[in-house]
Amino acid sequence: MNQGQAEHVAVVGGGLVGSLISVILSLSGYRVTLYESRADIRQSGESAGRSINLALSERGRNALRLAGLEYEIVDGAIPMYGRMVHSYTGKGSIVPYGKGNQCILSIDRRRLNETL
């Protein structure tokens with residue numbers, strides 16, 4: 001960056017990744033302009049047809065940690081330790097997401113979007 005003057009960055013797309021990188025760049029001292037064609041989700045009652053929950057892995061938590069938002073987002077999250085897989089005969093078995101007590105977290109997608 002230029003000394004004494006923040007570099008300006010334009011981010012196109014205000015979805016999860018665009019919003020998150022905008023926060024991280026801003027915290028790093030950049031001036032950020034975010035461009036998004038959809039209405040502000042915080043002002044709208046619509047969820048744009050997306051699912052209600054989102055599975056958050058350790059990589060996602062690391063990104064939220066960089067933005068200083070990890071604990072705010074994971075508060076109230078539901079741990080998921082594995083998924084149910086069904087064979088062609090219909091028999092179900094659980095496939096773990098990790099080892100031991102490792103899990104991914106189910107978080108509210110809209111809350112994540114609104115926070116970012």
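1. Basis. The model is predicted, so local features need pLDDT of at least 70 and side-chain atom pairs count only at pLDDT 80 or more, while totals for chains, interfaces and linings use all residues. Residues are numbered from 1 along each chain as its sequence is written, and side-chain values use heavy atoms, with hydrogens and water left out.

2. Sheet. Three strands, in the order β3-β7-β4, make up an open sheet with antiparallel pairing. Strands (E, at least two residues) and helices (H or I, at least four) are DSSP runs numbered from the N terminus; two strands pair if DSSP finds at least two bridges between them. β3 (53–56) and β4 (78–80) are the edge strands, each with a single partner, so one side of each has no neighbour in the sheet.

3. Pairing of β4 and β7. Strand β7 (residues 104–108) pairs with β4 over three bridges in the antiparallel sense. I78 has S106 in β7 as its bridge partner.

4. Salt bridges. There are four in the structure, each a side-chain nitrogen of Lys or Arg within 4 Å of a carboxyl oxygen of Asp or Glu. R110 and E114 form one of them, with the closest N and O atoms 2.8 Å apart. These two residues lie four residues apart in helix α4 (residues 109–115), about one helical turn.

5. Network. Salt bridges with shared partners join E58, R61, R65 and E70 into one network. Within it, R65 meets E58 at 3.2 Å, and R61 meets E70 at 2.8 Å, N to O.

6. E70 is buried at 3% relative accessible area, whereas R65 is partly exposed at 40% and E58 is partly exposed at 44%. Buried means under 20%, exposed over 50%, and partly exposed in between (1.4 Å probe, protein chains only).
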